[in-house]
Amino acid sequence: MTSDAMPEPDNLAVVGATALANEPSALTEAAGVLKTLMDTVRQQVLGRDDVIELAIIALIADGHILLEDYPGSGKTTLAKALGEAISGGEQVDASIVPFRRIQFTPDLLPSDVTGVPVFDASSNAFHFRHGPLFAHVVLADEINRTSPKVQSAMLEAMGEKQVTVDNVTYPLDQLFFVIATQNPLDLVGTYPLPTPQLDRFLFKIKMDHIDRQAELDVLDSYKERRDMSGRLATVTRDQVLNARKEIEAGVSISPAIKTALVDISRKLREDDRVLQGNSTRSMVLMLPALQVAAALRGRDFVSADDIELLAPRVLGHRVELAPGVADMDKVLRDTMREPMEALARSTLS
Amino acid sequence: MTDRTEQLMPQLLPTSLRALIVASSFWFLSLTLTVASGSWAAVLGCVVACYGVDSWIHRSPFERLRISSILGGALVFALLAIALADLFVNTGLFTLLMSPIAVFNSGESIKWFAIGASITVALRSLAHRTSYGAVVEILFVAAAFVITLAAHRNGMIHRPFFIGDYALTRGIDPASILMVFGCGAVLSLAGLLMAENNHRRLPYHFVVLGMLCFSLLFYVRLFGLPTPQLTDDLGLTGQAQEGQNRQRENPFNDGENNTDNEAPVAVVVFRDDYEPLNGSYYFRESAYSQFNGAMLDITRHDGMDQDLIEHFTNSRSDSAQLPPSEEQLTPVRTTIGMLVPHRTPFGLESPIAYENVPNPNNLRFKRTYDAYSLAPEYDFEHLLGRELGREDWSEEVLQEYLTLPDDARYEELARQLIAGLRPEYVDDPFAKAWAIKTYLDENGIYSLKNEHAYEADPAASFLFGDLTGYCMHFAFAAVHMFRSLGIPSRVGIGYAVPAENRGGGSALLIQAVHGHAWPEIYFRDVGWVIVDPAPQQTLVDMTTDPQNNLQQLLGDMLRNDASFDDFLQSQQTSFINLDAVLNTLYALVLAILVAAYLVKGYRLWIPLRSNRDAQYRLSYRAVLDRLAAIGIHRNFGESREQFAARASGTAPSLRELTNSHLACALGTTSASQSDYDWQAARRTIAREIQSSTPGWKRLAGIINPFSWLFSK
C-alpha cells in the first residue's frame, strides 16, 4: 500500500515561503507543510475544499473527524489522498502504513480492527498480527453500523493512541488519524454513537453535495486524477509531526480569544434551548485546532475568524439540545454573537 | 398562542404611543379644515390604521403587497370615501331621513375617517418598508404642529380653543405650549422609530433630528419664539378704528354700528385725588366748534379752540390757552394708557398738558402718557352771573362760536324755553343754558336707534321731531340753541365715565360705550364749562359691567407696579416656567452637539499626535469612524475580518489594515516594532472612500455629529 512518491523538500520550501513571507521562522516551514498537504489533497478531491481544510486542521491538531454524508461522496478518496500525501520519508515501523480503510459491519469483532496474536509454528511463538488501525490515516466507514463493543475498542484506540490485545499493549503511530463516517439517514440496524463517544471526535462535519461545476470537473478529470496520484508532492510523517510542534509553539492565542471561548461555552450552557452544554475538554481540544487554522491562513495569532470557522464544528456534536429544538446552527449563532462582539470590541480598547 | 401574545405585547405600547402622536397631528391639521365630527373621525381612522398596519404588515396578504400597491390602494380608498361622502350629502333621501346637520356631520366623518386612515396607512407602510419613510412620518408630525403655529403668526392661536384659552388666561404664550407639544411628539416618534428594529436607519434619523434641532435653534436665536401679537383690546374686538376715523365721518352715523360696547379703550390712573361733582369723569379729546355750512365740525380757524392739544409729541406738549383763572379748579395728574390707537390725546377735563411716559407693556398699550388737568371743583352757583366769552377772542372768533344753521326754529324754541325763567335770572347766561338743558333732560329720549342720521340737519330733525336720539343729537341741539341765544358754545368730544365705575380704586377703565359728546359753554374767568343734558327717559340700557378686575389689572400694569408681575406669577404658579425649560433645552442640545463634534474631531485628529504603540488602535478607529460616517459600520457580532471583507467594496485596503490591526491586538506582534505605515494606510482608505462614495453621502457624514457612535 505504500506509495512510492518521492519527497520533494525543495518544492516544500517554496510553497511555504508564500504563506508567511515575512516570518522566516519554523512557522514558515510548518505553513509550507500545510500548504503542500492542502494542494495535494485538493487535486484529488474536487469541490470539497472546506472539508479538506478541516481534515488537515484536525490532522495537525491531533484530533479525529466524523463525516456525516452519503455513499459515494468522496470520503474514501479524501482519506486515501490524505494518507498518501504523508507517505514520504523512512518508515519508523514497517507495520505502519499510510492508509487503511475499515468497513464496519454488525458482525465485526474488536480483533478485526486491532489485530490478533497468531501462533507461528516455525518460531513456536505467538506473533501479533497488526490490524488495520496501524496506519497514519484510517478511514472508519459507517462506524455506527458495528456493535458497541467494536466501537469502544475503536474509540479507545483513538483516545489513547494504543491498542491492548491479550494484556499486551501495542502503541499506535503518533500520527494516527481517524476519519470516521456515518450515514445520517439510513438508520435501520445501526448503533448510534452516544454523546460521550462523539466527544472523541474533534470535528463532526456535515457534507453537502458538491456544486454543479465541481461535479462536472469530477466527471471530466476522473481518469487523470487516478493516474496522477503517484506524481503529487508529499510530505513526510516527521514533517507533519514537526509542523504540529511548531504551530503549537509559534501561534499565539490572546487572552481575549480564550475569554471569548469560555464565554461562548458559558452562554451555551445557560441557554434554555440547550439540555447539556459542551465540556471544558472540548475547549482545550479546540485550542490547537484554532492554532492550525490560523497558521493555515498565514497568521501567527488566533483571530475571531478561526473561532467562527471551528466553533460550530467543534461544538455541534457535543451539545445536546432540549426536546423540540432542532436548529443547532441557530442556537450556536445566537450564543456566539455576544462574545464575538466583545472580542471584536476588545481590539480597540 | 402564548408565543403570539408574547410577541405582540411589547409592540402594543409603542404602537399605541405612535397612534396617539400621529392621531393628534391629524387632529391639529383637520381642526381648521372640518367640523368637530370630521376631526374626531380623522383621529379614529388614524388610530385604526396605526394598529392595523403594525399588526398586519408582517402577515399575508399585506406582506406580499408591494409598497406601490399599498399606496395606490390607500389613495383609491380615500377617493372612494370622498365620493361616497359627497353622494351621501347631496342625495336628498338621507336629508329627508335625518336632519341636514346630521347628514353633513356624517358626510364629514366618512370623508375624514378615510383620509386619516389612508394617509396613516401610507405613512406607516413607508416607515416599515423604506428607510426614508420614517423620516417622512416625522416630517408629517412636525409639519402638523408647524402649520398650527404658522397659521397664526399674527394673531391668536385660536384652535384648539382649550389650549389657547388656557394659556392666555395664565399669561402664557400659546405658541410655547404648542411648540412643546410638537417637539415632544417629534422626539418621541423619532425615539420610537429608532427603537423599531432596523439599526441601519439610525444615521438617517440622527441626521434629520440634528437638522431639526439646528433649524429650531437658529430660528429661535434669530427671531425668537413666534409670539402671537395680542389684539388691541385683550381679545374683545372693539372699535379699533374708532379713534382714527371718526373725525372724518358724519358723527351721527355712530348709531348704526353695534359693535361690542364693552371693549376697553383706555385705562386711566389717577395720581391726584379727585372726585367729580356732577357724577361723571369727562375726558376731552376734541371739539366740534366751527359751523361748516352743514353742521358743526372741527375748527380750521387758528384762533379757535386753542385750549385743545391736537397731536401727540414725544415729549411734553402744553395747551396754548390755559383757563383764565385757577379759582375753584384743582390740578390733577393722570396717567393714561390707550388700548386702542387714537389720533388725538385726551385728558380729564380740562387738560392743559400731556407728557409722554415710558410704556410698561407695549403689547397691551398703544401709547401711555401723563395728562395734567385743571379739573372743576365749582358748583353751579359759581357760574351764575358770569360773563360770556374770552377777553382775548377776536370778534371773528366769537362769531364763529355763535354761528348756527340757518333755522329760525332754534331761536324760537330757545326763547320759548327761557321765557319761564325767574326775573332775577332772565339775563343770566348760565340760567338760560340750564333751562335749555332741563328741557332736553325732561323731554328727550335717549336711544341709539333713530331716523335722523341722513337728514340735512340731524339736530333739527331730532329737536323738532321725536326728540329721540343719543348724545350727539342732544349736544348739537343744545349748542345750536345756546348759540341762537348768543352763548358761545361748542360740542366737546371724548369720554364720560360714571364716577361709580372707579369703585374706590385709583384706576378707571374707559370702554367704548363711554364715548360721548356734550355741549360746552365758555364763561369768562372760568373757561369751557360742560353743561351736559341727561335725558331722563332712555330706550337703551347703558349700564355696563364695570369690569373691576380688568380695570385693576390694567391699572396695575400701567402703574408698572410689582403687583402686576405678582398677579401673573400667581396665575403661573401651577405651571413650570416654559422659558427656563426651553432655554435649558436649547443649551443642552447645543452642548450635546458641540461635545459630539469635539469628540468626532478628536478621534480623527489623535492618530496624528499619538506614539507608535497606540497607532494600531487609534488609526484603525479613525478609519472606522470615516466608514461609519458614510453609513458603513460593523454589525453586532460581526468579526473584524468579516466587516473588512464586507467593506472592501468601498475601501479595499481595509483588509490589509484590519490584518495588521489584529496582529497587534491579538497576536504577539508588538505595536512599536511593527513597520506597518498606519498613516499611509489611513490616507489610502480616505482616498478610496472619496472615490467610491457619492459626495452627498460624504457631506452628510461630515455634518452628522454622532457618526462616531456607530463605529465599534
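## An open sheet in chain B

In chain B, five strands make up an open sheet in the order 7-2-12-14-15, and the pairing is antiparallel. Its edge strands, each pairing on one side only, are strand 7 (347-348) and strand 15 (527-530) of chain B. Two strands pair if DSSP finds at least two bridges between them. Helices (H or I, at least four residues) and strands (E, at least two) are DSSP runs, numbered from the N terminus.

The model is predicted: local features need pLDDT of at least 70, side-chain atom pairs count only at pLDDT 80 or more, and totals for chains, interfaces and linings use all residues. Residues are numbered from 1 along each chain as its sequence is written, while chains are lettered from A and ligands numbered from 1 in the order in which they are written.

## Strand 14 and its partners

Strand 14 (residues 515-523) of chain B pairs with strand 15 of chain B in the antiparallel sense over four bridges. With strand 12 of chain B, strand 14 of chain B also pairs in the antiparallel sense, over seven bridges. B:Ile521 takes part in both pairings: this residue is the bridge partner of B:Ser489 and stands opposite B:Val529 in strand 15 of chain B. B:Phe523 has B:Gly527 of strand 15 of chain B as its bridge partner. The hairpin of strand 14 of chain B and strand 15 of chain B has three residues between the strands, and in this hairpin B:Asp525 takes a positive phi near 70 degrees.

Is strand 14 of chain B mostly covered or uncovered? Strand 14 of chain B is mostly covered, with nine of its nine residues buried. A residue is buried if 20 or more other C-beta atoms lie within 10 Å of its own, exposed if 12 or fewer, and partly exposed in between, with C-beta atoms placed from the backbone. In a regular strand the side chains alternate between the two faces of the sheet. Here B:Gly515, B:Ala517, B:Pro519, B:Ile521 and B:Phe523 point one way from strand 14 of chain B, whereas B:His516, B:Trp518, B:Glu520 and B:Tyr522 point the other way.

## Helix 16 of chain B

Helix 16 (residues 548-559) of chain B has 12 residues. From its first C-alpha to its last it reaches 16 Å, close to the 16 Å expected at 1.5 Å a residue; the expected span is 1.5 Å times one less than the number of residues. Buried residues in helix 16 of chain B include B:Gln551, B:Leu553 and B:Asp556. Just after helix 16 of chain B, B:Asn560 takes a positive phi of about 60 degrees.

## Chain A and the cores

Chain A contains 14 helices and 11 strands, and 44% of its 349 residues are buried.

A nonpolar core is a set of buried Ala, Val, Leu, Ile, Met, Phe, Trp, Tyr and Cys residues joined through C-beta atoms within 7 Å. The largest nonpolar core has 125 residues, and those with the most contacts inside it are A:Ala55, A:Ile65 and A:Ala289. Apart from it lies another core, of 78 residues, among them B:Val332 and B:Tyr369.

## Where the chains meet

In all, 17 residues of chain B are in contact with 19 residues of chain A; two residues are in contact if their C-beta atoms, placed from the backbone, lie within 7 Å. On the side of chain B that touches chain A, helix 19 (612-629), helix 20 (640-647) and helix 21 (654-665) of chain B each supply at least two residues. The largest share, four residues, comes from helix 21 of chain B.
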